[in-house]
Amino acid sequence: MLRIGKFGFINNFLAYYKLEKEGKYEIVEADPKTLAELFEKDYVDYAPVPSYYYLKRKPKRHKFCVASDGEVYSVVVVSKGKKLGEKIAATTKSMTSVNMLKIIIEENGLKSEVVQVNGSYREILKNYESALLIGDEAIKARMVYRVSMDIGEEWKDLTGFPAVFGVAVSKKESGNEIDENVLNSVRWGRENLDVVVEEASRKFRLPEEFLETYFEALIHEMGKKEERGLREYEELCKVHGLL
């Protein structure tokens with residue numbers, strides 16, 4: 001059975017819902033950075049990986065992605081107070097958004113310094129005023145702390161294009177077929193949003209209203225705007241010495 005990676009976050013729940021019910025593949029869940037490591041080691045045949053990893057390595061890329069054309073809700077900087085801290089602690093699970101944040105800070109002339117640290121959002125915010133968080137940790141933290149920045153929204157304001165946080169890659173010919181099956185699962189999830197939202201609400205104990213808004217904000221299929229957004233990210237990473 002082929003192994004395919006899945007971001008172990010709510011942001012892949014809709015996309016993989018039907019696929020997991022079918023049981024055709026062995027699903028390996030991990031955070032984006034770990035999935036990139038598993039892909040490197042040939043442990044998974046196909047996986048979404050951080051866009052930053054893709055731009056450094058340039059493996060075979062597919063159409064499935066994790067992106068947003070504006071607010072993304074789960075890639076955010078939260079703060080204990082009204083202002084950004086002088087240092088923003090970024091989770092070490094991030095490869096793509098930490099560099100997006102560095103670009104946003106420099107392009108907007110902000111004074112904050114980004115440092116990467118381990119720990120849950122509660123542990124991180126014991127020592128820092130602000131934290132960049134991704135995935136489910138970001139969703140939990142935004143319920144408690146003030147959102148100073150939504151990286152998807154900030155990226156759209158800065159570039160005019162979607163923020164592409166992850167892209168699907170493979171090393172085998174089977175990657176094309178897997179990608180089409182994943183995209184079919186995405187389309188089914190969009191057409192049956194009420195079913196997906198109801199089950200996600202039970203599983204993650206989050207309000208259905210929030211999950212509906214969240215799933216509708218996510219983009220899972222690369223189009224022309226997303227391609228341009230990815231190119232813009234690559235170019236700005238080079239401008240700022242990040243690639």
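# Notebook: charges and rings

I looked up the negative patch first: helix α10 (residues 208–217) supplies its largest share, four residues. This is a predicted model, so I took local features at pLDDT of at least 70 and side-chain atom pairs at pLDDT 80 or more, while totals for chains, interfaces and linings use all residues. Numbering runs from 1 along each chain as its sequence is written, and side-chain values use heavy atoms, with hydrogens and water left out.

**Patch**

I listed the members: Asp194, Glu208, Glu209, Glu212 and Glu216. Patch residues have over 30% relative accessible area and no salt bridge; like charges are joined within 9 Å, nonpolar side chains (Val, Leu, Ile, Met, Phe, Trp, Tyr) within 5 Å. Asp and Glu count as negative, Lys and Arg as positive; His and the chain ends are not counted. I checked Glu208, which sits in helix α10. Its relative accessible area is 39%, so Glu208 is partly exposed. For that term, buried means under 20%, exposed over 50%, and partly exposed in between (1.4 Å probe, protein chains only). Helices are DSSP runs of H or I with at least four residues, strands are E runs with at least two, and both are numbered from the N terminus.

**Aromatic pairs**

I searched the whole structure and got ten aromatic pairs. Tyr17 and Trp188 are stacked, at 5.8 Å centre to centre and 10 degrees between the planes. This pair links distant parts of the chain: Tyr17 is in helix α1 (residues 13–22), Trp188 in helix α8 (residues 174–191), 171 residues apart. Tyr17 is buried at 9% relative accessible area. Trp188 is partly exposed at 26%.

Next I took Tyr121 and Tyr145, an edge-to-face pair at 6.3 Å centre to centre and 85 degrees between the planes. Tyr121 lies in helix α5 (residues 121–127) and Tyr145 in the loop between α6 (135–142) and β9 (146–150), so the pair ties together parts 24 residues apart in sequence. Tyr121 is buried at 5%, while Tyr145 is partly exposed at 22%. The cut-offs: ring centres of Phe, Tyr and Trp (its six-membered ring) within 6.5 Å, planes under 30 degrees apart for stacked, over 60 for edge-to-face, the rest tilted.

I also noted one aromatic cluster of Phe13, Tyr17, Trp188 and Phe204. Phe13 and Tyr17 are among the buried residues of α1. Gly23 follows α1, with a positive phi near 70 degrees.

**Salt bridges**

Here I counted 19 salt bridges, each a side-chain nitrogen of Lys or Arg within 4 Å of a carboxyl oxygen of Asp or Glu.

I picked Arg57 and Glu40, whose side chains meet at 3.7 Å, N to O. Arg57 is in helix α3 (residues 51–57) and Glu40 in helix α2 (residues 32–40), so this pair ties together parts 17 residues apart in sequence. Arg57 is exposed at 53%; Glu40 is partly exposed at 37%.

Lys171 bridges to Asp42, with the closest N and O atoms 2.8 Å apart. Lys171 is in the loop between β10 (163–170) and α8, Asp42 in the loop between α2 and β3 (46–50), so parts 129 residues apart in sequence are tied together.

Glu234 pairs with Lys58, closest N and O atoms 3.2 Å apart. Glu234 lies in helix α11 (residues 224–239) and Lys58 in the loop between α3 and β4 (60–68), 176 residues apart. Glu234 is buried at 16%.

My last entry is a salt-bridge network linking Lys6, Glu20 and Glu29.

Note on methods. Accessible areas come from the Shrake-Rupley method with a 1.4 Å probe; for residues, only the protein chains shown count as cover. The place of a charge is taken as NZ of Lys, CZ of Arg, CG of Asp or CD of Glu.
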